[in-house]
Amino acid sequence: MMNSETSPLFFPDTGTLDVTVLVFSGASLLCVASTIDPMRAANRVSGGTLFKWRIVSLDGKPAITTCGLPIAVSGSFDTSKKADMLLVVGGFGTSDIARTTFTANLRRAAHNYRMIGGIEAGSWLLGRAGLLSGRKATTHWEDMEEFTAEFPDTEVRPDRYVIDGPVFTSGGASPTFDLMLHLIRSRVGMSVALDVASVFIYDEAHASSDAQPLVSLGRLDDVHPKLAGAIRLMEGHIDAPLTIGAIAKRCGLSARSLEKIFSKAVGEGPGRYYLRLRLKVARRLITDTRSPLADIAARTGFSSAAAFTRTFRHFEGRPPSALRSAHR
C-alpha cells in the first residue's frame, strides 16, 4: 500500500474503481448495503462503470448478517489478488476474529491495494494488522473507549468517518453512506453524488467530522429546536450528569418548559429520559466489555456500585451481574 499521507483515490478520476468488499458474518445488513449500493447507483445514474466490485468472505461461504440474511460472495479472500480498494465490513464478533492469524495476512496483503477501509468493526481488523498505527481513525461509538485503549498509537476520533492517507474508517451504516457519497463526489463530481443521494431519497448527508451521536435524533429539531440540544448535553455528560435545571438553563429554557417539551415530544420527563440514557450506556458496557461493575457505575454517573445496581434492577428487572452472566 502506498506510504503516502494523501488519499490516492479521493481525487477526480472517471476511470473504473476496482473494489474488493470483504464481509464478515456478524456485520449489519445496512452496513453492507451502505457500502455497495452507492457504487451500484453511481453506475446507474452515470450510465457507465464507475465502480466494479467483488464481494468475498474469509472462507468463501456466505457471510451471515445480524438479521440472519446471508450475503452471497464470489469466493474467499485472496491475499495475493490486487485491486484499487479493499473495504473490510465487520460487526459483532469481529474483534475476536482480529485476534487470529488473519490480521497478519491482511498486513501482508495491504500492498496490493491503493486504499484500505474499515467499516464499523472492520476498523478493529485494520488496527490489529498495524494499519492504523500513527494514524487517525474511528469506529462505532459503542466501541470507542475500548478501541482507544486497544490502539494507543492511533488518534481515535468520534467522527462519522476518518480518511487518513491510504486508510479510512467509518463508524456505522449511515456514516458509511456519507463516506461513499464523498468518494463519488471526489471522483466524478457533485452532480453524480446528488443523483445517487436522490436515488435513495437521502437528504441528510453529514461531514466526516460530525460527531457520532448516542441518540440518532432524526428530525426532532422540527418538533422543538431546543430538544436536540438538551439531548446532546445529556450525551456529553454521562459520567458526571448535569441537573435538569442546568440543562434547561444552557438551552435558554426554564426547567418547567423543558419538562413540557420532553413530555410532549418523548412521552416522559427529561430526568427519566436522562437516566434511561445512562442505563443504556451501562447496559452496553456490561454486555460488550469486561469492565468491573464498579467502574461501569462510575462511568455512567452513579455514586456507588450499590446505587447503580438498585437502579439497574428497577429498570431492567434483574441486577447487572445477571445480565453479564447471561452474555458470557
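**Salt bridges, cores and helices: why the labels apply**

Tutor: The count for this model comes to 13 salt bridges, a salt bridge being a side-chain nitrogen of Lys or Arg within 4 Å of a carboxyl oxygen of Asp or Glu. The model is predicted, so local features need pLDDT of at least 70 and side-chain atom pairs pLDDT 80 or more, while totals for chains, interfaces and linings use all residues. Numbering runs from 1 along each chain as its sequence is written, and side-chain values use heavy atoms, leaving out hydrogens and water.

Student: Why is the pair Glu 235 and Arg 232 called a salt bridge?

Tutor: The N to O distance between their side chains is 2.9 Å, which is within the cut-off, so the label applies. Both residues sit in helix α9 (residues 225-235), three residues apart, which separates them by about one helical turn. Helices here are DSSP runs of H or I with at least four residues, strands are runs of E with at least two, and both are numbered from the N terminus.

Student: What makes Glu 235 buried or exposed?

Tutor: Its relative accessibility is 14%, so Glu 235 counts as buried; buried means under 20% relative accessible area, exposed over 50%, and partly exposed in between, with a 1.4 Å probe and protein chains only. Arg 232, at 33%, falls in between and is partly exposed.

Student: How do you know that Glu 268 and Arg 276 form a salt bridge?

Tutor: Their side chains meet at 2.2 Å, N to O. Glu 268 is buried at 12%, whereas Arg 276 is partly exposed at 37%.

Student: Which residues touch the most other members of the largest nonpolar core?

Tutor: They are Val 19, Val 21, Val 23, Phe 51, Met 85 and Val 89, out of 36 residues in that core. A nonpolar core is a set of buried Ala, Val, Leu, Ile, Met, Phe, Trp, Tyr and Cys residues joined through side-chain atoms within 4.5 Å. Elements giving two or more residues to the core include β1 (17-23), α1 (29-46) and α6 (173-188), and α6 gives the most, with seven. Another core of 30 residues lies apart, with Ala 230 and Phe 308 among its members.

Student: How do you know that Thr 35 is in contact with Val 21?

Tutor: Contact means heavy atoms within 4.5 Å. Leaving aside neighbours within four places in sequence, the contacts of Thr 35 include Val 21, Leu 87, Thr 176 and Met 180. Thr 35 lies in helix α1 and is buried, with a relative accessible area of 0%. Its side chain also reaches the backbone oxygen of Cys 31 at 2.8 Å.

Student: Why are the buried residues of α11 said to be on the same side?

Tutor: In helix α11 (residues 255-265) the buried residues are Leu 258, Ile 261 and Phe 262. They cover an arc of only 95 degrees around the axis, which puts them on the same side; the arc is that of the directions from the helix axis to the C-beta atoms. On the other side, Arg 256, Lys 260 and Lys 264 are exposed. The buried residues of α11 pack against α9, α10 (244-250) and α12.

Student: What makes α6 mostly covered?

Tutor: In α6, 12 of the 16 residues are buried, including Phe 177, Leu 181 and Ile 184.

Student: How do you know that the span of α6 is close to the expected one?

Tutor: From its first C-alpha to its last, α6 reaches 23 Å, against the 22 Å expected. The expected span is 1.5 Å times one less than the number of residues. Just after α6, Gly 189 takes a positive phi of about 105 degrees.

Terms used. A polar contact is a pair of N or O atoms within 3.5 Å; within protein, one must be able to donate a hydrogen and the other to accept it, and residues adjacent in sequence count only if both atoms are side-chain atoms.
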